Amino acid sequence: MRTDRILHPELARALAELGHSDTVLVTDAGFPMPRAANRIDLGFYPGLPDVVDILRVLRKELFVEEVRFAPELKSHHPTMYAKVQEVFTGAGAPFLAAPHEELIEVWAPRAKVVIRSGSFEPWANFALTASTDPFAWFSGPEVTILPAYVERRRLMTENIVPNLS
């Protein structure tokens, strides 16, 4: 048995199969699931597991390039917004606004994996764009690092708190 790692076999496999720019959608308990979704349903009781707990674990397991969520999270649910900021501080991943309808119509069908939580929190749906390690890639002496990766390295090194503009 693995310790200090994801124990859920389907979730571990789905994360291992991710590539750069693939989408992981982490949802609340009521998110409408696309028929063809690679769905991993972790919710087993109201609030368990909480969406923020799932995000914390994913933050340990993946490099994330972007985090998309409904802009109402910042203005209408500031406690959860602060928790999500804490999770992604130093991740180098900017926060991008994606209205709830866009998460359903655009990001859900595009997701390589959809992880449903037991969360009953409003605006608790997040599209994470998988990335590569910006320190491992572009590290050779003959390689010129792309400006986006220079910026991600800076955000990570300086432990910058992301903010939805």
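Colleague: Which residues does phenylalanine 88 touch, not counting residues up to four places away in sequence?

Modeller: This is a predicted model. In the model, phenylalanine 88 is buried. With those sequence neighbours left out, the residues that phenylalanine 88 touches are Leu55, Arg59, Val64, Val67, Phe95, Leu128, Ile160 and Pro162.

Colleague: Which residues touch the most other members of the largest nonpolar core?

Modeller: That core has 34 residues. Helix 1 (9-16), helix 2 (51-61) and helix 4 (78-88) are among the elements that give two or more residues to this core, as are strand 1 (23-27), strand 3 (64-69), strand 5 (113-116) and strand 6 (126-130). Another core, of 10 residues, lies apart from it and includes Leu25, Phe31, Ala111 and Ala127. In the core of 34 residues, the members touching the most others are Phe88, Phe126 and Leu128.

Colleague: Is the pair of tyrosine 81 and phenylalanine 95 stacked or edge-to-face?

Modeller: Tyrosine 81 and phenylalanine 95 are both buried. Tyrosine 81 lies in helix 4 and phenylalanine 95 in strand 4 (residues 95-97), so the pair ties together parts 14 residues apart in sequence. The ring centres are 6.0 Å apart and the planes stand at 70 degrees; over 60 degrees, a pair counts as edge-to-face.

How values were computed: Residues are numbered from 1 along each chain as its sequence is written. This is a predicted model: local features need pLDDT of at least 70, side-chain atom pairs count only at pLDDT 80 or more; totals for chains, interfaces and linings use all residues. Side-chain values use heavy atoms; hydrogens and water are left out. A nonpolar core is a set of buried Ala, Val, Leu, Ile, Met, Phe, Trp, Tyr and Cys residues joined through side-chain atoms within 4.5 Å. Buried means under 20% relative accessible area, exposed over 50%, partly exposed in between (1.4 Å probe, protein chains only). Helices (H or I, at least four residues) and strands (E, at least two) are DSSP runs, numbered from the N terminus. Contact means heavy atoms within 4.5 Å. Rings of Phe, Tyr and Trp (its six-membered ring) pair if their centres lie within 6.5 Å; planes under 30 degrees apart count as stacked, over 60 as edge-to-face and the rest as tilted.
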